[in-house]
Amino acid sequence: MQIGKYSLGIGDRFGHQGEAQLRAVTKAAQKGVEIIPVWNKSNREHSYIHSKPTDTRIEADGAVLALDYKGQYFVDADHINLSNVQGFLSSSDFFTLDVASKIGTLSTPSDIADFKASCAKYAGSLSIPGIAAPFIISDQLLEQIAQKFLAAMVEAGGIYRFIAAQKGADNFVTEVSIDEVEVPQTPVELFFILKMIGENGIPVQTIAPKFTGRFNKGVNYVGDIAQFAREFEEDVLVIDYAIKEFGLPANLKLSVHSGSDKFSIYPEIARIIKKYDKGIHVKTAGTTWLEEVIGLALAGGEALALAKHFYTSALSRQEELCAPYADVIDIKQSELPSALEVVNWDSAKFANTLRHIPGQADYNPNFRQLIHVGYKIAAESGTHYTDLLKEHRDLIGSCVEENLYDRHLKRLFEL
Ligand SMILES: [Zn+2]
């Protein structure tokens, strides 16, 4: 099972926006660019919302049926490991093997020695076509890379074989993710990680490294854009070379996690994948939930009141809500409006503060990030929330579609 060249990971915490999301990719197809939708949901998200992996499958199939969509689509068991993959086996056909927590787990000295011996042909100076300066491969570098990543990739092999034994190797797409760590992987590290992945027999089609810079949830990229572009381009070239060297799937491509709203690097991503005619997978996260809150705010009345309640509750429960996301949010306390202030806002003021339009005077990324992590409050609101989603389905759906198509796909695929 091979995933198409361009794909978009779409999250939908409450499972109501599948059709609106699918409309966005369909619109791109009408412009001649096929983008494969991949509905992704992690175990953590399921546990907060009290949803099950089968719910994501039902949503995806339902949207496909409703829109009579004929293209390829997938349901991603996002960030799974051996402890939680079981529940995803029947409903998913895309698996993101998350081995970030195994990075730095020591391998045995003999495994490390074997790996280093297998790298002998790269020792000294390694030239990768397209990359100007050769990588200097010292014994010490190989030692460090093996100590850091070998155990993690062995683990990925174990998870892959577990899934393949149950589902059949041809019935799913495999991604390996190592993005949820503090230190980005360099292009040369990526090269040897791919070697390990090849040796562990994993037919990896997408790989999610940790890129340089901050990929905070739901807001723009923070970091050195030129450095990101340089490393991203080298990663693309490393993958190209690794495919041939290690016999990896020819369609192997980069996966950008927390890729939603990274508007300042989209032009770089677009330029580089076009330059080398490469594919890309961009995982969005939480951006659809934020559009639901924007839609509620625009609807006014009771719906606006609930949107305000989400914010004021999140404000008083910040510590609890932010803790699981500490590494992927940056909220400036002093920039958060007070509950008293927000209570008096009208629909436009609330929506403009939340909606991610860089340069919009009211846009407040701190407000946006706090609501981003506040979806637990919506889950607690139960049917009060979901009934309003249903009541304002068209308005909210148009917000979701516009966000994915106009702000994301247009920029990423130069539509
Ligand atoms: Zn991730």
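**Pockets, metal site and barrel**

About 240 Å³ of space lies in the second largest pocket of this predicted model. Of the 15 residues lining the second largest pocket, His-16, Gln-17, Glu-19, Ala-20 and Arg-393 are the closest to its centre.

Q: What makes a residue count as part of the lining of the second largest pocket, and how many residues do so?
A: A lining residue has an atom within 4 Å of a grid point of the pocket. For the second largest pocket, 15 residues line it. Helix 1 gives the largest share, four residues.

Q: How is the lining of the second largest pocket divided by class?
A: Asp, Glu, Lys and Arg count as charged, and the lining of the second largest pocket has six charged residues, six polar and three nonpolar. Glu-19 and Arg-393, both among the residues closest to the centre, therefore belong to the charged class.

Q: What is the volume of the largest pocket, and which residues lie nearest its centre?
A: The volume of the largest pocket is about 890 Å³. Its lining has 42 residues, and Arg-44, His-79, Asp-179, Glu-180 and Lys-217 lie nearest the centre. Strand 2 (36-42), helix 2 (43-49), strand 3 and helix 5 (139-167) are the elements that give two or more residues to this lining. The largest share, three residues, comes from helix 2. By class, the lining of the largest pocket has 16 charged, 13 polar and 13 nonpolar residues.

Q: What makes His-79, Asp-179 and His-257 donors of the zinc ion?
A: For this metal, a donor is an N, O or S atom within 2.8 Å. His-79 (NE2), Asp-179 (OD) and His-257 (ND1) coordinate the zinc ion at 2.0 to 2.3 Å, so these atoms meet the cut-off. Along the chain the donors follow the spacing H-x99-D-x77-H.

Q: Why are His-79 and Asp-179 called buried?
A: Buried means under 20% relative accessible area. His-79 has 14% relative accessibility, so it counts as buried. Asp-179 also has a relative accessible area of 14%, and is therefore buried.

Q: Why is strand 3 described as largely enclosed?
A: Seven of the seven residues of strand 3 are buried, so the rest of the structure largely encloses this strand.

Q: Why is Asp-277 called exposed?
A: The cut-off for exposed is over 50%. Asp-277 has 52% relative accessibility, so it counts as exposed. Its place is in the loop between helix 8 (266-276) and strand 10 (280-283).

Q: What makes the phi of His-79 and of Asp-277 worth noting?
A: Most residues other than glycine have a negative phi. His-79 is not a glycine, yet has a positive phi of about 55°. Asp-277, not a glycine either, has a positive phi of about 55°.

Q: In what order do the strands of the closed barrel run?
A: The closed barrel has eight strands in the order 1-2-3-4-7-8-9-10, with parallel pairing. From one strand to the next, the twist averages 25°. Strand 3 pairs with strand 4 (residues 94-98) in the parallel sense over three bridges, and Leu-97 in strand 4 is the bridge partner of Ile-80.

Q: What makes a space a cavity, and what is the volume of the largest cavity?
A: A cavity is a set of points where a 1.4 Å probe fits but cannot get out. The largest cavity has a volume of about 30 Å³. Its lining includes Lys-41, His-46, Val-75 and Asp-76, and helix 3 and strand 3 each supply at least two residues.

Key. Residues are numbered from 1 along each chain as its sequence is written. This is a predicted model: local features need pLDDT of at least 70, side-chain atom pairs count only at pLDDT 80 or more; totals for chains, interfaces and linings use all residues. Side-chain values use heavy atoms; hydrogens and water are left out. Donors are N, O and S atoms within 2.8 Å of the metal (3.2 Å for Na, K and Ca); water is not among the atoms, so sites may look incomplete. Buried means under 20% relative accessible area, exposed over 50%, partly exposed in between (1.4 Å probe, protein chains only). On a 1 Å grid over the protein atoms alone, a cavity is a set of points where a 1.4 Å probe fits but cannot get out, and a pocket is an open set with protein on both sides within 12 Å along at least five of seven lines; lining residues have an atom within 4 Å of a point. Grid points are joined across faces, edges and corners, and a volume is the space filled by probe spheres set on the points. Two strands pair if DSSP finds at least two bridges between them. Axes are lines fitted to C-alpha atoms, for helices over the stretch in contact, and angles run from 0 to 180 degrees between N-to-C directions.
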